[in-house]
Amino acid sequence: MRVSTEQFTELAGQGVEKARARPSLKMVPHFLYQKREAGLATLPDAAAAQACGAAIRSEALSRLPDLLEEFEKNAIANGAKVFWARTAEEASEYIVKLAKERGAKYVIKGKSMVTEEIGLNGCLSEHGIEPWEGDLGEFIIQMLRCPPFHIIAPAINIAVETIRDLFMARADMKEPTVDPVELGWAARLFLREKFHRAEFGVTGLNMAVAETGTIINLENEGNIRFAKSSPRTQVSVMTLEKVLPTMKDALHVMRLLSRNCSGQKISAYVSMDSGPKKDGEIDGPEELVIVIVDNGRSRIYQDPRAREALRCIRCAACLNICPVYRQIGGYAYGWVYSGPMGQVLMPLLLGLDKTQELYRACTLCGACKSVCPAGIDHPSLMLYYRSLDVSADIPAAHRFGGKKRPWKEALFFKAWSTAVERFWMWNSGISMVRPLMNRGSHRGVIRRMKGAFSGWFRKRDFPAMAKETFHERWEKIRNIW
Amino acid sequence: MKEVSMFIPCTVDLFLPHIGEAMVSLLQRAGANPVYHRGQTCCGQPALNSGYRKEAKKAAKHFIELFGNDEAVVAPSGSCVGMVKHHYPELLGDEPDWFRRAAELAPRVYELSQYLVDVLRVSDVGAIFQGKVAYHESCHVLRGLGVSTQPKALISAVKGTKLVSMDQDDFCCGFGGEFANHHPDISEAMVQDKVRNYLDSGADLLILCEPGCLLNIGGYLSRHHPEKRVMHLASFLAQAGREER
């Protein structure tokens with residue numbers, strides 16, 4: 001998938017325009033957010049449950065190397081094969097090679113973000129193996145060649161008429177219709193055939209349990225379960241941070257994931273697999289291969305501060321509540337992930353130099369942090385990345401590659417910090433700036449300003465600087481009261 | 001009389017000094033004795049938010065030197081209070097002596113409505129205003145400090161005032177300091193939504209406790225809906241009080 005994180009500002013502007021043209025775009029995250037509220041209300045103490053989720057994720061990450069080894073050992077004991085991939089390319093190439101060796105003509109896929117991240121579909125197609133997405137939303141965006149608009153609802157922005165035309169042209173639909181049930185049925189008929197004849201399935205996973213070697217998937221459409229059980233060979237792709245210590249931990253994260261994601265107490269399908277089909281069992285894959293992808297995570301793990309970003313369980317609650325995401329939608333973020341979770345994760349995966357706008361385009365409103373079931377403090381992480389742009393002398397700045405700030409800004413803050421601890425200098429600075437600032441003001445209001453602050457004045461006014469600051473008025477005030 | 005040290009945010013000092021004056025009047029009416037350290041400058045938020053930690057640290061140390069011995073420090077801003085309460089200890093975490101001073105100061109710093117209601121136990125300041133009022137839950141007041149019931153109690157106690165509900169009252173208005181200037185497309189869309197919700201609420205007046213939101217929402221109203229008003233809680237309570245007298 002093409003990375004366009006550096007075009008954030010331009011793409012965000014387009015996103016705002018699109019949302020203005022189709023107000024329904026803003027409704028979807030709000031609808032999911034309301035479902036979440038109702039879902040959390042079914043817990044006796046939602047705040048405690050969320051805090052427990054944060055503790056589980058935090059602990060799991062602090063023991064990551066040990067847990068991964070334990071998981072590998074137990075998964076192998078269950079009969080699974082484990083492949084460690086350092087990079088996205090290594091993971092994709094391994095899966096392609098395996099598919100070729102198994103003689104697969106096509107691959108059936110369950111919805112997964114990690115296979116988007118490693119660019120698996122592109123790699124399979126290049127080698128003549130057709131990937132078929134089994135999730136309705138992914139199926140639609142795959143045919144449209146669009147990136148996911150939302151991490152759990154990838155095609156939520158696509159107009160139903162577009163889907164109708166697409167299915168008529170590409171999915172053997174007989175009669176044109178915009179009825180969602182009919183459209184769903186058409187996709188189902190088309191994909192059912194692919195599932196039946198599947199030799200090779202690829203899915204992601206939500207949790208890997210270290211103590212049992214079990215992999216767990218949550219979903220609502222059944223495509224993942226199908227892709228995990230129907231083919232002869234099944235590949236489950238996971239990133240390092242998916243591992244959890246115990247089944248008890250996994251069950252708690254499951255309660256939180258369903259509720260925070262869609263407001264459900266439990267998703268329609270939950271599949272737990274401990275190894276491939278065993279002797280005497282009637283179904284399941286003959287071969288289960290677990291691909292564990294690093295793709296930059298072990299580097300993130302080295303930094304105890306940045307590590308927090310890896311706690312994410314991909315519930316998308318932060319997208320749905322984010323006031324910026326609601327205005328611009330998912331495309332502006334420029335790669336696989338979007339919303340606050342994308343803003344804190346993608347800079348670490350792609351490098352700060354390519355993603356600076358992502359962690360600066362935030363008002364630090366803290367809504368994301370307030371809903372996160374993994375206890376991620378997104379605003380603080382973004383402040384941390386911003387500081388790495390400025391202080392190139394911190395080791396972490398080398399690790400993640402900060403991008404230098406404009407020299408004018410650096411100079412401004414240098415002068416600012418000199419004055420901030422000397423009030424006489426601060427106040428004389430104010431007296432000097434006042435006439436410049438108020439030059440174009442009228443009746444105490446500034447209506448336009450060119451140059452560095454023009455962004456503000458496109459649609460907003462600003463009060464003129466007061467003739468007397470509070471500081472200057474203080475002596476008089478004291479006498480009045 | 002309880003002595004309370006006023007911390008005037010630089011936005012208030014430079015552009016909205018009437019909020020500072022209103023705070024003086026309110027504190028006095030509530031039975032406190034407000035004092036003002038003339039050496040105060042800025043809490044350092046702009047530097048921290050732009051990534052300039054070293055520079056923000058200087059502001060933090062200056063602030064702690066100045067306010068460190070005060071029994072109570074009060075500011076008419078959630079984000080500036082949050083900066084001192086939450087970010088100073090984090091910012092100074094690698095300097096044990098400064099960290100201790102920051103951590104000791106933190107619990108003594110209050111947002112204005114929080115200080116009036118929780119510490120002075122005053123919710124009725126004796127003000128009168130005939131009309132409907134909506135309240136904007138500023139991010140750093142609500143999520144940063146957990147302050148929400150206090151300003152609402154103060155508004156509800158004003159005679160003749162009806163506090164009406166506003167859709168998405170806890171959504172960010174799109175200010176975010178630098179953000180508003182650097183990402184005008186997104187910021188304008190956010191403030192437009194905020195103003196739409198204000199207009200739809202049927203309120204005569206929008207009240208808030210954060211100077212940043214006031215500049216943003218007020219700046220948009222001034223351009224597009226000059227007949228509609230937004231006010232800081234302190235100005236509202238002080239003005240409604242004066243009208244009574």
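User: Two residues are in contact if their C-beta atoms, placed from the backbone, lie within 7 Å. With that settled, what do the buried residues of α2(A) pack against?

Analyst: They pack against α12 (247-262), α14 (317-321) and α15 (323-328) of chain A. Helices (H or I, at least four residues) and strands (E, at least two) are DSSP runs, numbered from the N terminus. Please note that this is a predicted model, in which local features need pLDDT of at least 70, side-chain atom pairs count only at pLDDT 80 or more, and totals for chains, interfaces and linings use all residues. Residues are numbered from 1 along each chain as its sequence is written, while chains are lettered from A and ligands numbered from 1 in the order in which they are written.

User: Which residues of α2(A) are buried?

Analyst: P29(A), L32(A), R36(A) and G39(A) are the buried residues of α2(A). They lie on the same side of α2(A), because they cover an arc of only 80° around the axis, the arc being that of the directions from the helix axis to the C-beta atoms. A residue is buried if 20 or more other C-beta atoms lie within 10 Å of its own, exposed if 12 or fewer, and partly exposed in between, with C-beta atoms placed from the backbone.

User: And which residues are exposed on the other side?

Analyst: There, S24(A), M27(A), Q34(A), E37(A) and A38(A) are exposed.

User: How far does that helix reach?

Analyst: Helix α2 of chain A covers residues 24-40, which is 17 residues, and reaches 25 Å from its first C-alpha to its last. This is close to the expected 24 Å, where the expected span is 1.5 Å times one less than the number of residues.

User: Let us step back. How many helices and strands are in chain A?

Analyst: Chain A contains 24 helices and 12 strands. The C-alpha trace of chain A spans about 95 × 55 × 45 Å along its principal axes. Of the 481 residues in chain A, 47% are buried.

User: Which residues have the most contacts inside the largest nonpolar core?

Analyst: They are A309(A), C318(A) and I217(B), in a core of 222 residues. A nonpolar core is a set of buried Ala, Val, Leu, Ile, Met, Phe, Trp, Tyr and Cys residues joined through C-beta atoms within 7 Å. Not counting residues up to four places away in sequence, A309(A) touches I300(A), V344(A), L345(A), L348(A), I376(A) and L381(A).

User: How many residues of chain A are in contact with chain B?

Analyst: On the side of chain A, 51 residues are in contact with 56 residues of chain B. The chain A side divides into 29 nonpolar, 12 polar and 10 charged residues. Here Ala, Val, Leu, Ile, Met, Phe, Trp, Tyr, Cys and Pro count as nonpolar, Asp, Glu, Lys and Arg as charged, and the others, Gly among them, as polar.

User: What about A180(B): buried or exposed?

Analyst: A180(B) counts as buried, because it has 25 C-beta neighbours inside 10 Å. A180(B) is found in helix α10 (residues 178-182) of chain B. Leaving aside neighbours within four places in sequence, A180(B) is in contact with W456(A), G174(B), F175(B), S187(B) and N216(B).

User: Finally, into which domains is chain B divided?

Analyst: Chain B is divided into domain 1 (2-118) and domain 2 (124-244), with bounds from an automatic or database domain assignment. The centres of the two domains of chain B, taken over C-alpha atoms, are 22 Å apart. Their contact takes 29 residues from domain 1 of chain B and 27 residues from domain 2 of chain B.
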